[in-house]
2 protein chains.
Amino acid sequence: MPVSRASELVDRALAAAGVPPDNAALQRDLLLDAEMRGIASHGLLRLPRLVERIGNGVADPLTRGQHEWTAPGFLKVDGEQGLGPVVAQAAIDALLDRAATQGVAVAAIANSNHIGMLGFYADRVAEAGRCLIAFSTSEALVHPWGGRRAMIGTNPIAIGLPTGDGIFMMDTATSIVSMGEIHDHADRGTPIPLGWALDGDGNPTTDAAAARSGAIAPFGGPKGYALGLAFELMLTALAGSSIGREVKGTLDSTKRCTKADLFIVIDQPLAPVAAFVEMLRQETPAEGFDHVRIPGERGRDLRRRALADGINIADVTWSRLQDLAAPASIIED
Amino acid sequence: MPVSRASELVDRALAAAGVPPDNAALQRDLLLDAEMRGIASHGLLRLPRLVERIGNGVADPLTRGQHEWTAPGFLKVDGEQGLGPVVAQAAIDALLDRAATQGVAVAAIANSNHIGMLGFYADRVAEAGRCLIAFSTSEALVHPWGGRRAMIGTNPIAIGLPTGDGIFMMDTATSIVSMGEIHDHADRGTPIPLGWALDGDGNPTTDAAAARSGAIAPFGGPKGYALGLAFELMLTALAGSSIGREVKGTLDSTKRCTKADLFIVIDQPLAPVAAFVEMLRQETPAEGFDHVRIPGERGRDLRRRALADGINIADVTWSRLQDLAAPASIIED
């Protein structure tokens, strides 16, 4: 279906949940952006749970968060249980403004809802001509290296910057796959590769269903684990949020969200690096590859195609969205 | 041998090369720290090449770099071909001072020599009660994902922060192994695991000797590649340094060093996270592990042992150091 049709339905669903238009537009853009880039796990399927969270009082559709500049370059944000992208974008707007004079500005955010795909923000800041390093924590889904159970988040990092001829953006979790992908394999009854996950007893498994109650591996073994743990410690220490298995509210619909986000905006003249990216793209590909990959490009290609040709939304998600957009009370009129 | 004996020899070698005592002490501490932590590739074996670089006029033993604050929070450093740790520590000292009032301060460094193990700096900043995120680029040794030849650096990242009861420090390259480890396998005639490297024709190899003229893999496949590339683009753009195969001077003794370094110091109240690190340490280990790993701890244990029991230095390195500490002109007296 055309992206505009999905967009309209999301707007109606958010309006019905009491989200004012500006805030709804950000939440919609974030979810649609993920959907268009082929990251369905961060797309529209998140909306029903978000609406439930608003209904349950653990997501506030109105607030943009409380800002406190604890130093000229450091912004502490109490998200006041606001919508993730609303609180995040308000913080980033403040950082963009501050970094223009300071050169750099950092925001640590606690108490906001799931902020979705970090690349969304990295893309926007890069388009605005600045450099962004973004981090976020999540509920404990990943096992420490040498451990048996989920103790740390999937803790993604994204980096965006203008290249002089467009932008570069990368966005990756520190887990080897997302829990969404594990669920996807379980739903389709297909096995997962050994090394992706442990089962509920902490033993390696190829059974996706068993992995759902277990733990995902960090990407790249001890190195990815070290990164994910460092991000979790740093974000928790700076934001004063929860840590490890105490982090809640990114996957359920009833608990206050206690993860942390961290944004670093740098506003400085940047030497152009587009020629190097182009050189990489032109490299002779290795056996089994049709071209050398550039991070972020597949997502941008998919988004371009989605805007031209429309998107496929899972039937179950679409039908849930229609229910949300036309609540019983209105239908009964 | 006792660390003090190695330390003394390094001091004499650096003095003979014309390095003033303060600068020599930093360079010595950096190399000895790596040696004690078991990272021989970043240890004393680097010293002979550094002395050659000083002799060849591509390493200046005197300068601490030129500082320009382009904004209250952003320091641009022209390393003036100074010694890596001397230029780096001068920049970090300036950042620590600035971050005390600004909350955050960033330095981008071009034109300095190899800064060694990033964890050295992360450790020191964490011990000083602040948070450091450190990056560096290197000569092109790593192939892009889906590529055939070395195009990007091993581009490490380190993060250090106080935990409320000690410090946390992690330091990892974005390559799957170091080129030092490849050389080590080649020297011992042992094969390398498939997936570590490509040969000079861009094909996967288990022959360490063939890998020396090839390319190392990024760690964790496309994710580690995305990180390493993002770091290289961001550092190059901010420091105005060289990129990709144009980066020189970290492995040879004749070319000006054209890599970049980036330091972010955050000075803010930090919530304590030591209890969580301790909880991880106490987790039930997985099959094949005797305990859950905490990044940085093995290096700290080795250093403690080295300080108590001394270090083993390869004969060839020790004999080179003795030559450097007692130059021919002095022996002939």
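A word on the ground rules. Because the model is predicted, local features need pLDDT of at least 70, side-chain atom pairs count only at pLDDT 80 or more, and totals for chains, interfaces and linings use all residues. Residues are numbered from 1 along each chain as its sequence is written, chains are lettered from A and ligands numbered from 1 in the order written, and side-chain values use heavy atoms, with hydrogens and water left out.

Start with the two chains.

Next, helix 8 of chain B, residues 222–239. Helices here are DSSP runs of H or I with at least four residues; strands are runs of E with at least two; both are numbered from the N terminus. Helix 8 of chain B has 18 residues and reaches 25 Å from first C-alpha to last. The expected figure is 26 Å, at 1.5 Å a residue, so the helix comes close to it. That expected span is 1.5 Å times one less than the number of residues. Is helix 8 of chain B mostly covered or uncovered? Mostly covered: 17 of its 18 residues are buried. Buried means under 20% relative accessible area, exposed means over 50%, and partly exposed lies in between, using a 1.4 Å probe and protein chains only. After helix 8 of chain B comes Gly240(B), with a positive phi near 70°.

On to salt bridges. The rule is a side-chain nitrogen of Lys or Arg within 4 Å of a carboxyl oxygen of Asp or Glu. How many are there over all chains? The count is 36. Take three of them.

One joins Asp29(A) and Arg28(A), at 3.1 Å from N to O. Asp29(A) is partly exposed, at 29% relative accessibility. Arg28(A) is buried, at 16%.

Another pairs Arg304(A) with Asp301(A), with the closest N and O atoms 2.9 Å apart. Both sit in helix 10 of chain A, residues 297–309, three residues apart, about one turn of the helix. An α-helix has 3.6 residues a turn, so residues three or four places apart point the same way. Arg304(A) is exposed, at 54%. Asp301(A) is partly exposed, at 35%.

Then chain B. Arg37(B) bridges to Asp33(B), with closest N and O atoms 2.8 Å apart. Both residues are buried. In chain A, salt bridges with shared partners link Asp33(A), Arg37(A), Asp123(A), Arg300(A) and Arg303(A) into one network.

Now a loop residue, Asp267(A). Where is it? It lies between strand 10 (260–266) and helix 9 (274–281) of chain A. Asp267(A) counts as buried, at 19%. Its side chain makes a polar contact with the side chain of Arg130(A), at 3.1 Å. A polar contact is an N or O pair within 3.5 Å; within protein, one atom must be able to donate a hydrogen and the other to accept it, and sequence-adjacent residues count only if both atoms are side-chain atoms. Beyond four places in sequence, Asp267(A) is in contact with Ala99(A), Ala100(A), Gly103(A) and Arg130(A). Contact means heavy atoms within 4.5 Å.

In chain A, three strands form an open antiparallel sheet, in the order 8-7-9. Strand 8 (204–205) and strand 9 (215–216) are at the edges with a single partner each, so one side of each has no neighbour in the sheet. Strand 7, residues 197–198, pairs with strand 8 over two bridges; pairing requires at least two DSSP bridges. Leu198(A) has Pro204(A) as its bridge partner.

Last stop, Pro72(B). This residue is in the loop between strand 1 (66–71) and strand 2 (74–82) of chain B. Pro72(B) is partly exposed, at 29%. Leaving out residues up to four places away in sequence, Pro72(B) touches Thr101(A), Gln102(A), Arg98(B) and Gln102(B).
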